[in-house]
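Work through the exercises below with the sequence and the model open. Each task is followed by a solution in steps.

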2 protein chains.
Amino acid sequence: MSTSSHSYPMRSGDDQHSYIHHSSYQKAGINGAEEKTRQFILEKLDLQLNSGLSTFRIADFGCSIGPNTFHVVQSIIDTVKVKHVKQNNETRLVPLEFQVFFNDQPNNDFNTLFRTLPPSSEREYFSAAAPGSFYGRVLPRNSIHIGHTSYTLHWLSKVPEHVCDKKSSAWNKNYIQCNYLIEEVIKAYKVQFIKDMDVFLDARAEELVPGGLMIVLGHCLPDGVPLYETWQGHVVDTIGDCLMDMAKSGILSEEKIELFSFPVYFPQFSELKGEIEKNGIFFIEMMESIGHPLEHMSITTDFITSMFRALLTTLIEKHFGDGVVDELFNRFAKKLSEHPFDFEMWKTQVVYYVVLKRK
Amino acid sequence: MSTSSHSYPMRSGDDQHSYIHHSSYQKAGINGAEEKTRQFILEKLDLQLNSGLSTFRIADFGCSIGPNTFHVVQSIIDTVKVKHVKQNNETRLVPLEFQVFFNDQPNNDFNTLFRTLPPSSEREYFSAAAPGSFYGRVLPRNSIHIGHTSYTLHWLSKVPEHVCDKKSSAWNKNYIQCNYLIEEVIKAYKVQFIKDMDVFLDARAEELVPGGLMIVLGHCLPDGVPLYETWQGHVVDTIGDCLMDMAKSGILSEEKIELFSFPVYFPQFSELKGEIEKNGIFFIEMMESIGHPLEHMSITTDFITSMFRALLTTLIEKHFGDGVVDELFNRFAKKLSEHPFDFEMWKTQVVYYVVLKRK
């Protein structure tokens with residue numbers, strides 16, 4: 001099974017810097033979508049749950065190491081069970097068994113995932129890990145009833161071509177994320193994003209049963225807003241500034257920074273919708289941007305530092321080597337405390353929530 | 001999903017002492033069984049492969065971390081593919097997809113398993129890990145076409161009751177494995193073995209599709225031969241002697257040894273057969289003891305030391321704490337080189353090979 005893609009998992013294990021302790025931002029967004037998913041399943045899931053189906057299979061694509069993924073799948077299972085009972089004469093009910101596939105890159109820390117699974121006495125599903133890039137098939141065809149992915153699709157399968165090529169007109173210079181001031185750079189990122197989206201949707205369509213649902217949650221830009229106008233974009237630009245400061249102090253070479261770009265792309269809302277429609281393999285049953293519960297909270301410097309550290313450590317270490325991350329995020333935290341962010345001043349990415357139905 | 005069982009995985013990772021490098025003995029036995037399995041699948045597997053089946057699911061129960069498990073599943077897949085083509089008109093053939101579930105305890109090192117999977121370009125199956133004790137359900141009902149397990153069923157789900165209870169007549173004293181000189185100890189081990197076998201067979205019967213095969217390979221005693229007459233039994237007795245030597249040197253307390261017994265039981269061939277028949281949930285399609293390819297090789301001290309170290313480290317560390325294993329196996333190797341084993345003098349366990357068919 002050939003699924004080729006670079007892999008930058010979230011920070012593994014459960015030490016103070018790991019993703020397991022710094023995924024509350026993602027969790028808040030997931031909770032916001034939970035009620036919508038419940039409603040949708042109850043009202044519209046059409047899987048002929050009464051026609052002899054004995055195993056209901058759920059997959060979370062790009063699940064990382066928890067705990068968000070456990071929460072999401074449990075909520076889906078609870079809802080499907082309610083629906084199953086409603087649709088059937090309770091006396092003749094064959095209990096549905098659930099199997100959950102936790103998918104992520106093969107170098108994701110599945111040992112930690114398994115170690116932190118809800119206790120088997122409370123868990124009403126058979127758990128399985130399905131390793132592999134979701135930019136490719138990871139499960140047999142027609143095997144999944146509900147797929148889910150949250151905060152994953154901004155990760156491209158690789159850094160777009162030419163973006164780190166100094167001889168190319170798409171060279172991103174010393175920017176470490178998509179530089180919206182260089183037309184060719186935007187184009188390169190966009191091309192990669194479109195290619196990846198198509199691969200993702202095609203693979204999921206094969207894996208889902210007809211009528212199966214794919215729930216996708218993530219960050220995008222509001223229409224007309226470039227990344228650098230959002231606080232999230234500004235945070236990464238500031239991390240880039242810290243890397244350049246380290247180069248000036250002789251800790252890193254500037255050349256190394258010029259050869260580095262995050263494989264991350266945030267589409268605008270309509271752009272994302274357009275790509276799903278162009279792909280055409282799924283019905284868009286619902287697509288909206290939803291408020292994020294943390295949107296109006298005061299977000300602290302510590303919170304920002306910890307979250308981005310957990311998200312970006314693997315990628316940064318892979319390129320710059322060990323021992324850079326501490327220094328980098330110390331500098332970043334210092335910069336943030338010296339020049340506090342006024343989040344009100346910045347635009348923000350929005351959370352999109354999409355329910356796709358396999359045609 | 002409640003599956004309760006103690007868990008003592010093989011030595012993890014891939015350092016010099018890990019199971020990954022010291023599983024050649026098991027591999028030799030597996031190779032010996034391979035041809036039999038191929039023949040059986042080709043001649044007798046009756047799964048109506050032509051009736052619209054699109055995914056063929058295989059599970060290896062107690063797979064450890066490889067590489068043996070990869071070899072076994074690939075061989076099964078190759079054979080099923082041949083059979084699938086034979087049974088179908090090639091022009092109308094819908095290619096079969098394969099999904100393989102690697103099962104072992106949740107604290108098995110699945111990260112290493114995934115890291116060492118055959119490269120995705122060569123692997124013709126979707127891989128998944130199914131964590132959990134195989135003394136209980138780990139997969140949905142009616143989902144597996146061929147199950148396999150090798151060298152696992154001598155591991156009991158726990159140390160038999162009372163064997164480590166100094167007040168019990170079934171107390172095993174300072175023996176660290178089933179002491180065949182104490183009737184009550186044998187009985188306690190036997191009771192646990194029967195209980196575990198029943199749970200194992202019942203769980204697999206639920207997971208397999210009707211007509212599905214369960215291939216079981218392992219070590220047992222020839223009828224009428226007690227463990228202590230075999231060289232394998234003698235090796236573990238010698239490890240026990242080394243522990244007692246360490247107690248005498250004040251490194252360990254004798255009390256601690258008295259509270260320790262391996263949760264391992266090797267049934268005699270007819271005893272095993274009898275238990276499967278009594279359980280009654282499977283047809284025994286084939287059951288024989290097969291020669292082990294290494295049987296007539298000269299087995300070196302190093303080989304024995306490395307193999308038993310990889311097998312027993314986790315269990316010993318769990319009871320006696322870190323830092324005991326090096327000393328113990330140094331002493332064991334020394335004892336073995338001072339008093340070399342004459343393997344010819346000892347009886348040996350035999351390898352049993354069983355093919356069960358779900359009724």
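Copies are superposed by least squares on the C-alpha atoms of residues with pLDDT of at least 70 in both. This is a predicted model, in which local features need pLDDT of at least 70 and side-chain atom pairs count only at pLDDT 80 or more, while totals for chains, interfaces and linings use all residues. Residues are numbered from 1 along each chain as its sequence is written, chains are lettered from A in the order in which they are written, and side-chain values use heavy atoms, with hydrogens and water left out.

**Exercise 1.** Find the rotation and the shift that superpose chain A on chain B.

*Solution.* Step 1: two copies of a chain are related by a rotation about an axis and a shift along it. Step 2: here the rotation is 180° and the shift along the axis is 0.0 Å, with an RMSD of 0.0 Å. Step 3: the two copies are therefore related as by a two-fold rotation axis. Step 4: within chain A, A:Ala129 has the C-alpha nearest the axis, at 2.5 Å.

**Exercise 2.** Describe the interface between chain A and chain B by its contacts, buried area and salt bridges.

*Solution.* Step 1: counting contacts (heavy atoms within 4.5 Å), 36 residues of chain A meet 36 residues of chain B. Step 2: the buried area (accessible area, 1.4 Å probe, that two parts lose on being put together, summed over both) is about 2,800 Å², and carbon and sulfur atoms give 51% of that area. Step 3: four salt bridges (a side-chain nitrogen of Lys or Arg within 4 Å of a carboxyl oxygen of Asp or Glu) are counted between the chains. Step 4: A:Glu97 forms a salt bridge with B:Arg137, with 2.8 Å between the closest N and O atoms.

**Exercise 3.** How far apart are the closest N and O atoms of A:Glu327 and A:Arg331, and which helix holds these residues?

*Solution.* Step 1: the closest N and O atoms of this salt bridge are 2.6 Å apart. Step 2: helices are DSSP runs (H or I, at least four residues), as are strands (E, at least two), numbered from the N terminus. Step 3: both residues belong to helix α9 (residues 324–338) of chain A, and being four residues apart they are separated by about one helical turn.

**Exercise 4.** Where does the backbone at A:Pro67 and A:Tyr151 lie, and what are its angles?

*Solution.* Step 1: most residues other than glycine have a negative phi, and most peptide bonds are trans. Step 2: the bond from A:Gly66 to A:Pro67 is cis, with omega near 0°, and A:Pro67 sits in the loop between β1 and α2 (68–87) of chain A. Step 3: A:Tyr151 has a positive phi, near 55°, in the loop between β4 (144–150) and α4 (183–207) of chain A.
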